[in-house]
Amino acid sequence: MEAPARKRMLQVALVLVGLACLSLYPLMIVWPSGWAWHEGHSDYPMMIVGVYATLGVFLIRAARDPQAHLSLIWFAVWSSVVHGAVMAVQALLQPGQRGHLLGDVPALLIAAAALAALAPRRGH
């Protein structure tokens, strides 16, 4: 794939992943079995929403100049892989959490794969 086309696809992916991060709270409300890990009162959901909303804003900003934000992009890739893997194990071990195997787990792994496939390696 030509470098300009790859860059444009990465820019689109960064915006889409950023928007997905910003959509976490509504997803937790609409599809709690696939996106919310707690029932009843918990402070956890708003903490994770805050972290992902911040990441979403910075990923959208990184779309302007992906090369200048490679460390952020690779952080998003690897943190998503680790977070998705941990959640997958937890969902498999806790029958009441299996909905996450169709919700946030694949979303994180797909986002990580897309960004990793499109992100330039340093120096390119």
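**Reading helix packing and pockets**

Visitor: At what angle do H4 and H5 pack, and how far apart are their axes?

Guide: Two packed helices are described by the angle between their axes and the distance between the axes. H4 and H5 pack at about 145°, and their axes lie 10 Å apart. Axes are lines fitted to C-alpha atoms, for helices over the stretch in contact, with angles from 0 to 180 degrees between N-to-C directions. Helices are DSSP runs (H or I, at least four residues), numbered from the N terminus. Here H4 covers residues 44–62, and H5 covers 70–93.

This is a predicted model: local features need pLDDT of at least 70, side-chain atom pairs pLDDT 80 or more, while totals for chains, interfaces and linings use all residues. Residues are numbered from 1 along each chain as its sequence is written, and side-chain values use heavy atoms, leaving out hydrogens and water.

Visitor: Is the crossing of H4 and H5 left-handed or right-handed?

Guide: The crossing of H4 and H5 is left-handed, meaning the near helix is turned anticlockwise from the far one by less than a right angle.

Visitor: Which residues of H4 and H5 meet?

Guide: H4 brings Ile48, Tyr52, Leu55, Phe58, Leu59 and Ala62; H5 answers with Leu72, Ala76 and His83. Contact means heavy atoms within 4.5 Å. Eight of the H4–H5 contact residues are nonpolar, one is polar and none is charged. Nonpolar covers Ala, Val, Leu, Ile, Met, Phe, Trp, Tyr, Cys and Pro; charged covers Asp, Glu, Lys and Arg; the others, Gly among them, are polar.

Visitor: How do the axes of H1 and H4 cross?

Guide: Helix H1 (residues 3–22) crosses H4 at roughly 160°, and the axes come within 7 Å. H1 and H4 are therefore roughly antiparallel, a label for angles over 145 degrees. The crossing of H1 and H4 is left-handed.

Visitor: What does H1 bring to H4?

Guide: Residues including Leu14, Val17, Gly18 and Cys21 of H1 meet partners in H4, among them Tyr52, Gly56, Leu59 and Ile60. The H1–H4 contact has 13 nonpolar, two polar and no charged residues.

Visitor: At what angle do H5 and H6 pack?

Guide: H5 and H6 (104–118) pack at about 150°, with axes 8 Å apart. That makes H5 roughly antiparallel to H6. The crossing of H5 and H6 is left-handed. In the contact, H5 uses residues including Trp74, Ser80, His83 and Met87, while H6 uses residues including Asp104, Leu108 and Leu115. By class, the H5–H6 contact counts 13 nonpolar, three polar and one charged.

Visitor: How much space lies in the largest pocket?

Guide: A pocket is an open set of points on a 1 Å grid over the protein atoms alone, where a 1.4 Å probe fits, with protein on both sides within 12 Å along at least five of seven lines; lining residues have an atom within 4 Å of a point. Volume is the space filled by probe spheres set on the points. The largest pocket holds about 400 Å³.

Visitor: Which residues lie nearest the centre of the largest pocket?

Guide: Cys21, Trp35, Tyr52, Ala107 and Leu108, out of 26 lining residues. H6 gives the most to this lining, seven residues. The lining has 23 nonpolar, two polar and one charged residues.

Visitor: What lines the second largest pocket?

Guide: The second largest pocket holds about 250 Å³. Its lining has 17 residues, with Pro32, Ala36, His38, Glu39 and Pro45 nearest its centre. H2 gives the most to that lining, with three residues. Eight lining residues are nonpolar, eight polar and one charged.

Notes
Helices (H or I, at least four residues) and strands (E, at least two) are DSSP runs, numbered from the N terminus. Angles under 35 degrees count as roughly parallel, over 145 as roughly antiparallel, 65 to 115 as roughly perpendicular and the rest as oblique.
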